[in-house]
Amino acid sequence: MLLRNVNFHRFQCGFAPGNIPNFCTVLEHALLINIFLTVLYVSRSYSNSPLPDVQQLSSDESVSGKQVKPERKSVVPSNSRFIYPEFLPDPKIEWRNSLREKLERMDMIQRRKHIDIPEFYVGSIMAVSSSNQHAPNKATRFVGICIQRLGCGLRANFTLRNVIKHVGTEMKYQLYDPTIQKIEVLRLEKRLDDELLYLRDAPNEYSTFDENMEVEYLPEGAPVPVNPEMVKLKPRPWRARWERKDMKGLADLGLEDRFYERAKELATPWEKYDLMKQYRKTIPEEEQKEIFAEVYSELHEVEVMRKKLKRKKVFIKPTKNV
Amino acid sequence: MSTIFAARQFSTSAVSNHIMKLTRLRVVDNSTIGKQAMAEGKPPRCIHVYNKKGIGTIGDKIMVAIKGEKVKAIIVGCVKEQKPNIPRFDSNNIVLIDDNGTPLGTRINVPIPIVLRTILKEKTFSKGADYTKLLAIASNYV
């Protein structure tokens, strides 16, 4: 049982097979090593970086057990992948490049130190001020609901939608674009779907927002509210066959039965059980932990700085009007 | 079985919403001819795009067939996907102009992309058509 346990940890930590004979000599200290490796295993959280080889470990052990202190466990909140989704790379294997991803993450943190990129979700109402060389005063501001958030790394982007003078207008922004001056979240909330592209087929009142909207603050530490609004679409034709997309935020579509029958024929309800597909579509949890452990301390610092500045801004002394 | 095979025989591609020949458009200025055509439910059709691609985008000059007449127009907003920082609209908007680039109407009631200021200035040459008059009648920019 003990042997199997040790072997299991060896496997998890990725030791080279050449080290097995060394490992056998260490079996006398198996219990100690087992504890040590468990500590290592927890603190490094499946680290892929090469570990010191077994011989070194055993000598460390023999000198004193107390020298080996467990690394400080980082306190990365579990919702980081929702707050900072662009820090996770594209899971497509052909496009992975660990060095490029690391450099991009460094650049992203550098950018975040200069401007405040707040937490937002699809469905939040945002305002973006950016420099625009074409504008007469060299700056523009656009208010709208975030209908799509795509991309990872420095290519992360989001799309805002608003109805201006009865014409639906959409604007795509790159999150790390150096021309952006300010990103404000006017109302922080989520909607029932991950993409709100069906607002293009909905009546205008669903995506009309006032340009001079005030910021709505949430109490500190409150969970992000989910807006359960159901959207009633205009009659067909639509930009997509929404009855086939299984959208949760759509009210009754009012179609004939044949549309729903066809949608049922084409549905793939077994795909949620396809573990391999899920694995290829996502970044594994261990890798996510590693990435966030690398960037979280700096991100947290930026966040604390931002809060301090905000507090300062809130309590501005009222000035006398002459 | 045969129906399944028939369904798999052809492929479909995503709609690209190009402005090309025979595309229906929306007149957004207040010229009489444009207003009448839109009110009758007979929006103008593009019959030529004055560029080498044959696909029009923001700032391109086109010729439209409107109420049995041939009129030139400038595209001031498209439905198709745009690059970052350039707006995308829910309709293909045009403004009617004459041969000198002077708009037929006196007011544009929809938002106009700011890039159009630069694009139209670049397309205007001295002694040629002056397209920048269109910018003066726009009510707001996006």
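The entries follow in the order in which I looked things up.

I worked on a predicted model, where local features need pLDDT of at least 70, side-chain atom pairs count only at pLDDT 80 or more, and totals for chains, interfaces and linings use all residues. Residues are numbered from 1 along each chain as its sequence is written, chains are lettered from A in the order in which they are written, and side-chain values use heavy atoms, with hydrogens and water left out.

Entry, pocket. I looked up the second largest pocket and found about 1800 Å³ of space in it. I took a pocket as an open set of points on a 1 Å grid over the protein atoms alone, where a 1.4 Å probe fits, with protein on both sides within 12 Å along at least five of seven lines; lining residues have an atom within 4 Å of a point. Its lining has 48 residues, and Pro118(A), Glu303(A), Arg306(A), Lys307(A) and Lys310(A) lie nearest the centre. H9(A) gives the most, 13 residues.

Entry, Leu103(A). I placed Leu103(A) in helix H6 (residues 98-114) of chain A; helices are DSSP runs (H or I, at least four residues) and strands likewise (E, at least two), numbered from the N terminus. Leu103(A) counts as partly exposed because its relative accessibility is 44%, between the cut-offs for buried (under 20%) and exposed (over 50%), with a 1.4 Å probe and protein chains only.

Entry, chain B. I noted four helices and eight strands in chain B. Of its 142 residues, 45% are buried. The C-alpha atoms fill a box of roughly 65 × 35 × 25 Å along the principal axes.

How values were computed. Grid points are joined across faces, edges and corners, and a volume is the space filled by probe spheres set on the points.
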